[in-house]
Amino acid sequence: MDLRGVVDLLSHHLYSSPRVYLRELLQNAVDAVTARRVGNPDAPAAIGIELTDRALTISDTGVGLTESQVHELLATIGRSSKRDELGFARHEFLGQFGIGLLSAFLVADEVRVVTRSVSGGAAVEWLGRSDGTYAIGPAERDEPGTTASLRARRGAEQWFEPETVRDLCRLYGSLLPFRVTVAGEAVSGDGPPWRSDDRTPGERDADLLGYAQDTFGFTPFDVIDLAVPEAGLTGVAYVLPFPANPAERAGHRVYLKRMLLTESGDGLLPDWAFFARCVVDAEGLRPTASREALYDDGLLEATREALGARLRGWMTGLARTQPARLARFLEIHHLGVKALALHDDEMLRLVERWMPMETNVGRMTLADFRARHGTVRYTTTAEDFRQLAAVAAAQGLAVVNGGYTYDSEIIDRLPVVDADAVVVRLDPTDLVTRFEPVDPAEELAARPFVTAAQGVLDGLGCELVLRSFDPVNLPVLYLVDRSAAFQSELRSTRQQVDELWAGVLSAFEKPREDRPRLVLNHRNDLVRRVCASRDPEAVRLAVESLYGQALLLGYHPIRPADAALLNRSFLGLLERAIPSEDQQ
């Protein structure tokens, strides 16, 4: 084979970094020790790494290889049938000895392996070179096991630094249940911190918290035990004590048979569970070819669903036993829970009962809102809520702000879990029907003003409405219903496209009754004085100013024409308020 080509393939297309050479060597040693213990549980289990100048040696007390096995495993690639016959395709083993050893050529030009099989026979030496050649011969080794030696090629010396090797071995093998040393220093522990042993519950909890602090750098809000027997998965989920960014890549740690597979673990949890960081060890999940991620198959999908169900169960358990703690959790991670409530009825009930929302009668849960006001009226944007909250309250209407992320969708789903729930989207123009009409005599007196004002607003694509409503100190409202908003967008688009498309879009344009409405409050003293004015220029400036104020107060988009109008009306009012010397 062209080993140089294979190494290039591994380094540029399969492995993410040359550092994986150490993981693969360590994995080979782990598989060898595991294979020996299958037949003899009391066999020694130790892996040692020694470092000299730009050289590394890794030794294990594993099963070792005979000369024929060396030929089959080290001289060929992809001979899966022979691997099965030799016993290295068992469920207990993660690596593939031949492919794993090839990763050493990412950082070295020559690899020397000395091995002796536990089944007997003489020790064997295999010497492989990056040019694809190899040699096999006798060697000296008294005990069963394997030793692999390699020297850094020029440019790869950083991967042989003692601190680097120690950190990588601790990263990959810290959960291994047997002794792994680097230059005599132990880098493996007693196994996963969630293991079942003779520790007291308090000691176990302390170990789990300490692991979170050392690994992730935070003290978790809570620790949730995880188990998926179908995948041979055990582990814990750490609930973040701070808000998480849903778009941020999750930092789940996934181990396969106690060896670290990945520090990202994409796809392990559902997308909505971004409030948790997991550490798990699995027996049945499949790694990708590079063994740096999980293979997305049916088992991983089932595992993801099972872990999601476990997190949902934890939240509902808090609702039953620790409501105050649940409230604190929802305060921190409301986005994740609301995202789950969009498609999970149990979470929707939890959100309705426990998660406060903003309303114009104070913050309260949807359950409390329904109990007090019956119908759930809501706005779909925060801008509509800011504009209409006080006005709706003055008319006796309780309104929920549905403008925050997922809130409108959650409110719309309430009838799914309770057929008696009545949900109404508040259209801004619906308020006009609740405003009182102006006294007929006063309306007749204001007709000249209404005619003149409508002439001003026609150029702005707006309808004038004169009504009486509370609060009195609010002179004007700019109300846009859904149809009017669509018509406004349609007219704006027509002005930007060519003649052909403008003609097509004109077919969708509706009469003027769909235009936005500028509602003047006749109870407001300023509005009454404006209505009584018979000065055309004063009326024009007043109407333009009220129109501009209504746009600003309602957080509506300001078009270039609107900005010019605001500037013109403001300066015009200043001119009238402060006349020049020749006008005095």
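Buried means under 20% relative accessible area, exposed over 50%, and partly exposed in between, with a 1.4 Å probe and protein chains only. The model is predicted: local features need pLDDT of at least 70, side-chain atom pairs count only at pLDDT 80 or more, and totals for chains, interfaces and linings use all residues. Residues are numbered from 1 along each chain as its sequence is written, and side-chain values use heavy atoms, without hydrogens and water.

**Exercise 1. State how many residues of α10 are buried, and what covers them.**

Step 1. Helices (H or I, at least four residues) and strands (E, at least two) are DSSP runs, numbered from the N terminus. Helix α10 spans residues 334–341.

Step 2. Count. Of its 8 residues, 6 are buried. They are Gly 336, Val 337, Lys 338, Ala 339, Leu 340 and Ala 341. In the protein chain, buried residues make up 48% of the 584 residues.

Step 3. Find the cover. It includes α8 (298–321), α9 (323–332), α11 (345–354) and α14 (407–412).

**Exercise 2. Describe how α10 packs on α11.**

Step 1. Two packed helices are described by the angle between their axes and the distance between the axes. Axes are lines fitted to C-alpha atoms, for helices over the stretch in contact; angles run from 0 to 180 degrees between N-to-C directions.

Step 2. Read the geometry. The axes of α10 and α11 cross at roughly 130° and come within 7 Å. The pair is therefore oblique. The classes are: under 35 degrees roughly parallel, over 145 roughly antiparallel, 65 to 115 roughly perpendicular, the rest oblique.

Step 3. The crossing of α10 and α11 is left-handed. That means the near helix is turned anticlockwise from the far one by less than a right angle; clockwise is right-handed.

Step 4. List the contact (heavy atoms within 4.5 Å). Val 337, Leu 340 and Ala 341 of α10 meet Met 347, Leu 348, Leu 350 and Val 351 of α11. The classes come to 7 nonpolar, no polar and no charged. Here Ala, Val, Leu, Ile, Met, Phe, Trp, Tyr, Cys and Pro count as nonpolar, Asp, Glu, Lys and Arg as charged, and the others, Gly among them, as polar.

**Exercise 3. Give the order of the open sheet of 4 strands, and explain which strands are its edges.**

Step 1. The order is β19-β20-β22-β21, with mixed pairing. Two strands pair if DSSP finds at least two bridges between them.

Step 2. β19 (436–437) and β21 (476–479) each have a single partner strand, so one side of each lacks a neighbour in the sheet.

Step 3. β19 pairs with β20 (residues 463–468) in the antiparallel sense over 2 bridges. Glu 436 stands opposite Ser 468 in β20.
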